[in-house]
Amino acid sequence: NNQYRIQDGSQAGCDNLEEIFEERLTTIGRAVALLDKWDNPRYLTRVWCIYEQFVAAKLGIPMDMILPPSEAESVTQEF
């Protein structure tokens, strides 16, 4: 599902989005979140991304967080 096409009505599926998303996430069995930076990532300001985290946690789906190399180095130096 593309959240923007569903929102503007150009794609079917908004009536059962939760069911479809949970089914697909369960089938895949894991998820990856790409953060732009470790300190206050933009990912955590987006409602859809928070929803992805919520659904993954609810279903017990592993969620890996990854950073660009420069940010990964920065967080390593910070801690």
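Select Arg 30 to begin: Arg 30 is partly exposed, at a relative accessible area of 42% (buried is under 20% relative accessible area, exposed over 50%, and partly exposed in between, with a 1.4 Å probe and protein chains only). The model is predicted, so local features need pLDDT of at least 70 and side-chain atom pairs count only at pLDDT 80 or more, while totals for chains, interfaces and linings use all residues. Residues are numbered from 1 along each chain as its sequence is written, and side-chain values use heavy atoms, with hydrogens and water left out.

**First stop: Arg 30 and Asp 64**

Asp 64 and Arg 30 form a salt bridge, with their closest N and O atoms 2.8 Å apart (a salt bridge is a side-chain nitrogen of Lys or Arg within 4 Å of a carboxyl oxygen of Asp or Glu). Asp 64 belongs to strand S2 (residues 63–66) and Arg 30 to the loop between H2 and strand S1 (31–34), so the pair ties together parts that are 34 residues apart in sequence. Helices (H or I, at least four residues) and strands (E, at least two) are DSSP runs, numbered from the N terminus. Asp 64 is partly exposed, at 31% relative accessibility.

Between Lys 58 and Glu 18, the closest N and O atoms of the salt bridge are 3.3 Å apart. This pair links distant parts of the chain, 40 residues apart, with Lys 58 in helix H3 (residues 47–59) and Glu 18 in helix H2 (residues 17–28). The salt bridge of Glu 22 with Lys 58 has an N to O distance of 2.5 Å. Glu 22 is in helix H2 and Lys 58 in helix H3, so this pair ties together parts that are 36 residues apart in sequence.

Glu 22, by contrast, is buried, with a relative accessible area of 17%. Across the whole structure, a search finds three salt bridges.

Finally, move to helix H4 (residues 69–78) and select Glu 71. Apart from neighbours within four places in sequence, Glu 71 is in contact (heavy atoms within 4.5 Å) with Asp 36, Lys 37 and Trp 38.
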